[in-house]
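Here is a short report on one protein model. Look at the fold, then read on.

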Amino acid sequence: MAFLPAGRALLLACFVTLPLAACVAGDADSAAGRASLLATTVSRAIACRAGWPQRTTLDRFLAAEKAHGASDEQLAAARSAYVSVSEAETINQGVRPQPCTAEERATLRGKMNDVRAGRFEAL
């Protein structure tokens, strides 16, 4: 188990140096890719104080993906991607905070309104 900390360090380096969605899911058309985009949007909105998710956001997203025909494996990958990107975004914002412009904040507010309404297609 000595390799576990090194593996975590490598994963953290990936999250800090690359766009986070690229580390977790490269295909934006997959459930995991969409979950990565959702997590990035939610995390950035929180950092910019442009909106907060509901407790059921991930569950509602997964239900929407299932309704669109995602398999159990795809749903598991999407859940994993969402959690991984959310955690990495939190760490990244703590290590290297990125300021928000007024335009970005306004865009994120609109996206978070869609997320809170359960409209995930607009991501």
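At what angle do helix 3 and helix 4 pack, and how far apart are their axes? The angle is about 150°, and the axes of the two helices lie 11 Å apart. Bear in mind that this is a predicted model.

**The pair of helices**

What does that angle say about direction? Angles over 145 degrees count as roughly antiparallel. Helix 3 and helix 4 are therefore roughly antiparallel to each other. Their crossing is right-handed.

Which residues meet where helix 3 touches helix 4? The table lists them by helix.

| Helix | Residues in the contact |
|---|---|
| Helix 3 | Ala 31, Arg 34, Ala 35, Leu 38 |
| Helix 4 | Thr 57, Phe 61, Glu 65 |

By class, this contact between helix 3 and helix 4 has four nonpolar residues, one polar residue and two charged residues.

**The whole chain**

Now step back. The protein has six helices and zero strands. Its pattern along the sequence reads α-α-α-α-α-α. There are 123 residues in the protein, and 33% of them are buried. Take the contacts between residues at least 6 apart in sequence. Of these, 73% join residues at least 24 apart.

**The core**

How many residues does the largest nonpolar core have? The answer is 24. Ala 35, Leu 38, Phe 61, Leu 62, Ala 78, Tyr 82 and Phe 120 have the most contacts inside this core. Four helices each supply at least two of its residues: helix 3 (31-47), helix 4 (57-67), helix 5 (72-95) and helix 6 (102-116). The largest share comes from helix 3, with seven residues.

Look at Tyr 82, one of the core residues with the most contacts. Which residues does Tyr 82 touch, leaving out those up to four places away in sequence? They are Ala 35, Leu 38, Ala 39, Val 42 and Leu 58. Ala 35 and Leu 38 also take part in the contact of helix 3 with helix 4.

**A glycine after helix 6**

Last, find Gly 118. This residue sits in the segment after helix 6. Is Gly 118 buried or partly exposed? Its relative accessible area is 26%. Buried means under 20%, and exposed means over 50%. Gly 118 is therefore partly exposed.

Gly 118 and Arg 60 are 58 residues apart along the chain. Their C-alpha atoms are separated by 6.8 Å.

Note on methods
Residues are numbered from 1 along each chain as its sequence is written. This is a predicted model: local features need pLDDT of at least 70, side-chain atom pairs count only at pLDDT 80 or more; totals for chains, interfaces and linings use all residues. Side-chain values use heavy atoms; hydrogens and water are left out. A nonpolar core is a set of buried Ala, Val, Leu, Ile, Met, Phe, Trp, Tyr and Cys residues joined through side-chain atoms within 4.5 Å. Buried means under 20% relative accessible area, exposed over 50%, partly exposed in between (1.4 Å probe, protein chains only). Contact means heavy atoms within 4.5 Å. Axes are lines fitted to C-alpha atoms, for helices over the stretch in contact, and angles run from 0 to 180 degrees between N-to-C directions. Angles under 35 degrees count as roughly parallel, over 145 as roughly antiparallel, 65 to 115 as roughly perpendicular and the rest as oblique. A crossing is left-handed if the near helix is turned anticlockwise from the far one by less than a right angle, and right-handed if clockwise. Ala, Val, Leu, Ile, Met, Phe, Trp, Tyr, Cys and Pro count as nonpolar, Asp, Glu, Lys and Arg as charged, and the others, Gly among them, as polar.
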